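Hi,

My notes follow below it.

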Amino acid sequence: MSASAPGPEREAKGWLIWQTIQRNRPANGYIRRPPFRLSCVLMPVEAPLTPADWTAYYRLRFEVLRQPWQQPAGSERAPDDDAPTTTHALWRAPSGAIAGVARLSPSGPQQGQVRYMAVAPAWQGHGVGQQLMHYLEDAARRQGFTEIVLHARETAVAFYQRLGYTVIEPSHTLFGVIPHFLMQKSL
Ligand SMILES: CC(C)(COP(=O)(O)OP(=O)(O)OC[C@H]1O[C@@H](n2cnc3c(N)ncnc32)[C@H](O)[C@@H]1OP(=O)(O)O)[C@@H](O)C(=O)NCCC(=O)NCCS
């Protein structure tokens, strides 16, 4: 179906755009900040498919989560990345560049864990992380998980709280300098 053809897909997209505009409309009626949020609505989260996708996917992980702490190349990979039970998600900017990544894997009976959430600095604060989490939460529900846990960097705790996650307890300190907190959300 072409992008402009009428039908449920087009109606759903229109509804999403309308919701986004309404969500960003303050009491005085002026629209506060829809333009960049619209990018996130129009560019849906997807799974990495091509070799180029996978290369960019891991590169972004490395650049956001490892390189700033002088970690070696390869440290951005996890042993279960290739497991069939691991769900990978990416968000592509309108330019085509991959600007957001995250993954979900099983971590207990009916429990999933989100790890390696990274949004390119230029796109942080534009709704990309939220879109990625919604995608992974939907995937978790489809897999029968009833809760998601994650270890949040201290600087990201408020982001996850905004999405309904609760701090359970302090957890590890990554690279000796990044405190983490175990967080949980029931689905
Ligand atoms: C943390 C991160 C994933 C959030 O993604 P993002 O795309 O920047 O976040 P979003 O724009 O989707 O934010 C969703 C909501 O959370 C809020 N939020 C995001 N980051 C926040 C923060 N650090 N503190 C407080 N609120 C935050 C936003 O304001 C937004 O709220 P709103 O809907 O009321 O406007 C991203 O900033 C990032 O990659 N940071 C560096 C790496 C990192 O810390 N990863 C997490 C490892 S656990």
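How many of the 9 residues of strand E5 (residues 166–174) are buried? The number is 0, so E5 lies largely in the open. Buried means 20 or more other C-beta atoms within 10 Å of the residue's own, with C-beta atoms placed from the backbone. Helices (H or I, at least four residues) and strands (E, at least two) are DSSP runs, numbered from the N terminus.

Two caveats. This is a predicted model: local features need pLDDT of at least 70, side-chain atom pairs count only at pLDDT 80 or more, and totals for chains, interfaces and linings use all residues. Residues are numbered from 1 along each chain as its sequence is written.

E5 pairs with strand E6 (residues 178–186) in the antiparallel sense, over 6 bridges. Pairing takes at least two DSSP bridges between the strands. Proline 170 has phenylalanine 181 in E6 as its bridge partner. The two strands, E5 and E6, form a hairpin with 3 residues between them. In the turn, phenylalanine 175 has a positive phi of about 55°.

Now the core. The largest nonpolar core has 32 residues. Such a core is a set of buried Ala, Val, Leu, Ile, Met, Phe, Trp, Tyr and Cys residues joined through C-beta atoms within 7 Å. Ala89, Val101, Ala102, Leu132 and Leu136 have the most contacts inside it. Helix H4 gives the most to this core, with 6 residues.

Best wishes

Note on methods:
A residue is buried if 20 or more other C-beta atoms lie within 10 Å of its own, exposed if 12 or fewer, and partly exposed in between; C-beta atoms are placed from the backbone.
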